[in-house]
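I opened the model today to look up a helix crossing, a chain contact and the confidence scores. My notes follow.

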Amino acid sequence: MAIVIEPELVGKKKNLVPTKKKGAQYAGRTLVSPAQLRSRKGKTIYWIVLACTLVAFTLAFLFPLYWAVTGAMKSSTELAQMPPTILPQTWHPEVYGDAWEQINLGKYFLNTIVVAGGALAIQLAVDIPAAYALSKLRPKLGNVVLGLMLVTLMLPAAALLVPTYVTIIDVPLVHVNLLNSPAAIWLPAAANAFNIYVLKRFFDQIPDELIDAARIDGAGPVRTLWKIVLPISRPILAVVSILAIVTAWKDFIWPLLVFPDPDKQTLSVVLQRVAIDLPLNLLVAGLVLASLPMVAIFLAFQRQILAGLTAGSLKG
Amino acid sequence: MSSPKSSNVLQPARPAVTPRAGRPVASAQERKKTRLRRKLGENITAYGLLSAALICFALFSWYPIVKGIILSFQQVDFVSDPTWVGFDNFVRLWNDPLFGVAWRNTLLFTAFAIVFGFLVPFFTAVLLNELRHARAYFRLVVYLPVMLPPVVTALLWKWFYDPGPGLFNEAIGVVGLPGSAWLDSSSTAMISLVFVSTWANMGSTTLIYLAALQTIPGELYEAAELDGAGIWKRLRHVTFPQTRFVLLVLLLLQVVATMQVFTEPYIMTGGGPDDSTVTLLLLLYRYAFVYNDFGSASAMSLLLFIALGIFSAAYVRLTKSSD
């Protein structure tokens with residue numbers, strides 16, 4: 001099995017659909033026969049199925065989100081009312097502001113941004129040079145090192161939860177306790193075999209001639225990495241970066257363990273902690289606000305995120 | 001996909017290195033020496049660039065693997081020094097009635113999650129692949145829940161499930177069906193958690209299947225149709241075999257992931273009602289962070305790891321031999 005990302009696919013618009021070279025007359029031919037689709041009956045069925053799918057998808061995936069966004073703007077009494085109202089009878093957009101104040105969301109947004117931003121920075125700073133060294137400098141025992149890194153991908157994360165926690169509270173050799181420090185998230189995040197593998201696969205496809213030419217011109221490996229390799233690797237860097245931020249933002253169990261101090265916690269940890277005591281409309285408003293950055297990132301970088309998805313998928 | 005070796009074939013040959021004019025050709029021995037020195041230098045630079053990653057992996061990946069095995073055979077409470085206790089931790093787990101319950105619940109969750117989390121995304125992908133309109137919309141909407149933090153999803157669904165003013169019983173009532181106790185009944189709590197995790201995760205599997213479906217050559221369907229195969233036969237004899245590899249790999253990944261379910265039961269049920277949603281990871285969390293018994297928690301991780309390892313090995317074996 002191989003995790004593959006093709007550089008030419010990432011930048012393109014319809015990167016999920018590989019263009020077919022052979023049999024162009026059958027391109028787009030799928031399960032249902034085109035002849036059947038063209039018949040009057042086929043067309044009717046097609047439009048009915050399409051309409052049903054549209055309604056079903058909207059109800060299943062968008063409506064719950066609509067329910068949350070508007071639910072937050074209902075008054076507490078209206079929220080408890082049976083049957084519930086589809087549209088709020090009285091709009092209370094100020095609930096969002098109240099939730100921000102009461103949960104102290106500003107502080108926790110900042111905490112989460114520090115955690116996610118730091119995780120991104122350290123992953124790039126650690127994993128790019130490592131992948132570059134393994135791909136282009138090919139040191140002795142490089143394959144052994146890569147193998148040892150990839151082995152960690154096969155381990156279920158849960159199996160390492162307790163021993164990693166024990167490591168964090170007393171880091172070997174230096175004997176510091178990283179509990180309540182964002183470094184407890186950052187450092188384990190940097191040991192990311194998936195990043196190294198995906199980056200290495202991308203660097204592998206950069207022609208050696210380009211690297212050799214830079215060396216003949218007198219550029220050292222670091223300069224070559226910075227000036228030649230990184231600029232042409234922007235697509236894969238975007239994929240890795242977005243993945244790093246989204247993963248850090250969504251993570252729950254690890255931050256729950258390493259941030260016992262309420263002042264240091266991330267949004268996910270805080271929201272589940274305050275969930276029981278908060279009035280429902282404030283809680284739902286908080287949930288919506290905490291998700292907004294992720295939704296915004298998705299809308300802005302949909303192409304990179306979906307490319308990263310199929311990059312993580314496995315081809316034979 | 002092309003390995004680095006095969007991709008080199010497609011690229012222009014390496015330019016031949018010619019000694020530069022005006023420079024005396026060095027003796028063979030000297031050339032060997034400079035080449036050695038350069039190789040050494042390159043190795044030093046390479047390991048310099050690798051050093052940060054090696055330290056992070058050593059401290060936070062490789063060391064914990066070893067540490068986990070050691071802890072499984074120790075008693076650790078962070079007050080006194082750890083002591084070796086042999087298989088005591090495993091015996092304690094064996095004697096804990098919740099341990100068996102947790103295995104049963106987790107396997108049940110995995111079984112349900114596979115039925116829903118596998119069949120629903122696959123047939124959704126097959127359906128989407130047939131539709132010629134609104135494709136961007138479908139892809140966008142189905143993936144949207146994947147972007148939500150799992151804590152947000154779990155808390156939202158807890159509200160939707162509320163048998164009082166919850167969304168679901170109201171929606172079901174509109175159609176005229178009786179409501180359900182959802183999370184509040186030990187018979188429906190687990191399946192309710194499966195629905196949440198399917199809703200939250202099906203976007204990624206659906207889109208991966210969709211990408212796999214789009215690589216099936218149209219000729220195959222055309223040929224099958226000419227041979228008189230109807231839709232079901234085409235699905236059975238073209239679609240399944242052509243996406244077999246992706247299906248098998250994702251199935252394995254899903255089993256490994258669902259065996260580690262934690263966030264949904266932790267937030268939505270806390271393991272209840274009547275321990276019906278205590279999963280392995282929830283119990284592991286209790287052992288470590290409620291009972292402060294890190295030894296037993298590590299022993300549990302080790303058992304989970306061994307179980308998943310045996311399962312994965314057997315799975316890979318079986319699916320390979322059936323070729």
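A crossing is left-handed if the near helix is turned anticlockwise from the far one by less than a right angle, and right-handed if clockwise. I looked up α5(B) and α8(B), and their crossing is left-handed.

This is a predicted model, in which local features need pLDDT of at least 70, side-chain atom pairs count only at pLDDT 80 or more, and totals for chains, interfaces and linings use all residues. Residues are numbered from 1 along each chain as its sequence is written, and chains are lettered from A and ligands numbered from 1 in the order in which they are written.

I checked the angle next. Helix α5 (residues 135–147) of chain B and helix α8 (residues 189–213) of chain B have axes that come within 6 Å and cross at roughly 130 degrees. Therefore α5(B) is oblique to α8(B) (under 35 degrees is roughly parallel, over 145 roughly antiparallel, 65 to 115 roughly perpendicular, the rest oblique). Axes are lines fitted to C-alpha atoms, for helices over the stretch in contact, with angles from 0 to 180 degrees between N-to-C directions. Helices are DSSP runs (H or I, at least four residues), numbered from the N terminus.

I listed the contact residues (C-beta atoms, placed from the backbone, within 7 Å). Among them are B:R139 and B:Y143 of α5(B) and B:W199 and B:L207 of α8(B).

I turned to confidence. Chain B averages a pLDDT (the predictor's confidence in each residue, from 0 to 100) of 85, and 91% of the residues score at least 70. Residues 1–19 of chain B have a pLDDT below 50. For the complex, the predictor gives an ipTM of 0.87 and a pTM of 0.86.

Methods:
Helix = DSSP H or I, 4+ residues; strand = E, 2+ residues; numbered from the N terminus. Contact = placed C-beta atoms within 7 Å.
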